[in-house]
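Have the coordinates open as you read.

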Amino acid sequence: MREPLRTVQLEVNGAAYTVTVPVRKTLADVLREDLQLTGTHVGCEQGVCGACTVWLDGEPVRSCLLLAIQAAGHRVTTVEALGTVDRLHPVQEAFWENHGLQCGFCTPGILMTVVAFLREHPAPSRQQIREALAGHLCRCTGYQNIVRAVEDAARRLQARGT
Amino acid sequence: MKPPVFDYQDPASVEEALELLARHGAAAKVLAGGQSLMPLLNLRLARPEVVVDINRIDALDYLTEESGWLRVGARVRQRRLEREADVRRMVPLLAEAVRFVGHPQIRNRGTVCGSLAHADPAAELPAVAVAVGARLVARSRSGVREIPAEEFFTGPLTTALRPDELLAEARFPCTGPDWGWAFLEVSNRHGDYALCAVAAGVRAGDGRIQDARLAYAGAGPVPVRLREAEAALVEHSDLEEGIRAASAEARRVLQPDGDLHASSEFRRHLAAVLTARTVRLAWTRARTRSGGAHA
């Protein structure tokens, strides 16, 4: 079978892109390969590991379980929109200072989940944090410092009144 | 891995979708939330020639109450059930169970009807459908039929849907005022597939259980309703005696497969323990006339 292609317009981090891609290509792969937004990582490609988590219309979703062409007409937000190296997002600062990562492969997805989670739960319990992280696999840290980083991030965001 | 090559269709109307399913039959797969189909495509366990994406069909995005039934259209995401307080009032078991489905990232895309049509025997929503007596509305070019949940699930990942049919809607009966409902599961991590899950409902009257529903996930090839265990709850005037009899029945009748995560015997043990816990919880809720509504 020939490879069916489709041209769509995607809105990613506020910018408009027009891409012509195979219909079967996942959003994760188009972000990385066609838009060079390599902050989004691809782990298991079956929705388990959470590394590819991005926002669709502001809500965290797995970008490996979404065809890129399905994202047309929606707002996509990736980790690149959170902060920059010089100006980290408060959640990124908290991960940095609490050593909430080692190799960093799972971190972009976790950040996207945590920022959205803290929006809805500004003062979460440890149990709520653990449940919020359950959709992410980290093979390095044992999660202890990730949980601490989320607790610290909640405090930082509250102190800033955001 | 990456999905295999397929032809992609995204009809804007139900009629167009049914036309595509009629034309392509078993060579087509319906794509709704994609939280079951996309992993199957990525793993190359499914190789449809045509993927029929129903996400553009706005007519399937409704969550309404009509004549005592909650009607859930095929494009309703699972997350929406958590966020609308009316669902907790109308079908409290559904609102409670949906939080056990995957993770928020999954439920933001995953649909109620998609989970039912995928028919994983360890999944929560099929067990809920069986417990409350949901009816599944299948549409095709040749008409509409309503399938009772207990007849809908015919085997692991297998349903009574024909290849030309679309699961257009799931209908859940709204709970009666004297009923209490409870859903509990044991899994390795929050959001993992249930090793065993139990959905229970009891109707309280004259200080005892007058009617009961018990359904199990992860305990057989399809979600199982145990009428013998339900009968045991009604027959015994003493609550704890009834619970003991129902739990023993669950342990005796259910035939779950064992795997890496849990042996068959351990799953039967969980079924018995969760039977007791869910019935006690459902009973408390029925007695407080809350209908299971809780924070």
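Helix H10 (residues 227–235) of chain B packs against helix H11 (residues 239–253) of chain B at about 170°, with the axes 8 Å apart. That makes H10(B) and H11(B) roughly antiparallel, because angles over 145 degrees get that label. Axes here are lines fitted to C-alpha atoms, for helices over the stretch in contact, with angles from 0 to 180 degrees between N-to-C directions. Helices (H or I, at least four residues) and strands (E, at least two) are DSSP runs, numbered from the N terminus.

This is a predicted model: local features need pLDDT of at least 70 and side-chain atom pairs 80 or more, while totals for chains, interfaces and linings use all residues. Residues count from 1 along each chain as its sequence is written, and chains are lettered from A and ligands numbered from 1 in the order written.

**Sheet in chain B**
- Three strands make an open sheet in the order E1-E3-E2, paired parallel (pairing takes at least two DSSP bridges).
- Its edge strands are E1 (7–9) and E2 (28–31) of chain B.
- E1(B) and E3 (residues 50–53) of chain B share 3 bridges, and B:Gln9 sits opposite B:Val52 in E3(B).
- Helix H1 (residues 14–24) of chain B lies across E1, E2 and E3 of chain B, at about 160° to E3(B).

**Between the chains**
- 22 residues of chain A are in contact with 24 of chain B (C-beta atoms, placed from the backbone, within 7 Å).
- Strand E4 (residues 59–62) of chain A gives the most to chain A's side, with 4 residues.

Terms used
Parallel < 35°, antiparallel > 145°, perpendicular 65-115°, else oblique. Contact = placed C-beta atoms within 7 Å.
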